[in-house]
Amino acid sequence: MMETLDTRGLSALRAIAEAGSVAAAATTLGWSQPTVNHHLRNLERTLGSTLLERSPRGSHPTVVGNLVVSRAIEILGLCDRLGDEVALWREAQAVPVRIGAVPTVGARVIPKLHNQLQRRPRWRAHDEMAAANPAPAETTTAALDVTMDEHAKLVARLEAGDLDLALLVSTDIDRTWIPSTLTARHLYSEQLFLCVPKSVGPIALDTHGMPDLTSLVSQTWAFSIDPGDAIDEVVRSFCVAAGFEPRVGMRMDDYAAIIRMIAAGLAVAVIPDSSVPEDPTVEIIPMPMDACRRDVLLVSRARTAESSRKVSRHDPIVAAHNAAIAEVVADVGIVTAQWR
């Protein structure tokens, strides 16, 4: 049987891999160099492998060492998370739920979600065990651990298990971008608006209310930093259908900054309803909902056989976490109902 791993050895190896030398790792960790070497030797002895190559130019993990580094990052990350979760539980009896969001949706939904969670009565973490255990059950509530990021990165973190839920957007009715490992629930849809400088002049509409984009062939478009942005894909498809490729002159995700660029005559853009400006220098033209819209989705990991087995074993940690996620999902539905 292998000797129990000491996480100090994992910390030493990770720091060396990141810093490039034992000396730099010692500085990062606040340890002495002999201490770093001691814990590294213990880790190598426990695993029975050489994990570090040393040279005058520095120290770098071996092939096996790189494998251990990747696992060390996961293990030490879980240790940090465990400490944070226990501290949160001790201080507030709250179970953290990790939720991601694209910034425009997160800014609109997360504050209301937080307020809704504060108003929700606390639930009993072990209701399913109450009949078997007459002792009073502890009460808990959910606490939000929020990440704002690009769409693609949030999807990857959901698949990796780094997030429990994510507020994402799509203009693809079939939602073909959603991997089979994830499930999506439609929350609401936003109308999209073409925003152009007043100086561009009036934009003609066809019989379906679609703006004539050919009048914008010479204009510079503002697109998202995210290369797979849902609205950008719709804009590109409409422009191509009109016979031209949109000329992208700037990329940013700050709609307030985009509006300033439009007002200055530097760009045109398609913007969701939640970010439409009140600026007299910007012409705002609604796009027909039946032609395009932005769907806001609540995405989570699909239930697997393994997760179902864990629930069936009545693991109290899993039960509390699942109950906290269910609480957040319910409150997301409540706070987004006003936009349906």
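I looked up the side chains of Arg108 and Glu190 and found a polar contact of 3.2 Å between them. A polar contact is a pair of N or O atoms within 3.5 Å; within protein, one must be able to donate a hydrogen and the other to accept it, and residues adjacent in sequence count only if both atoms are side-chain atoms. The model is predicted, with pLDDT of at least 70 needed for local features and 80 or more for side-chain atom pairs, while totals for chains, interfaces and linings use all residues. Residues are numbered from 1 along each chain as its sequence is written, and side-chain values use heavy atoms, without hydrogens and water.

I then placed Arg108 in helix 5 (residues 103-119). Helices (H or I, at least four residues) and strands (E, at least two) are DSSP runs, numbered from the N terminus.

I listed the contacts of Arg108 (heavy atoms within 4.5 Å). Neighbours within four places in sequence aside, they are Tyr188, Glu190, Ser274 and Trp339. I also checked Ser275: its C-alpha atom is 9.5 Å from that of Arg108, though 167 residues separate the two along the chain.

Strand 8 (residues 192-197) and strand 12 share five bridges.

Technical notes
Two strands pair if DSSP finds at least two bridges between them.
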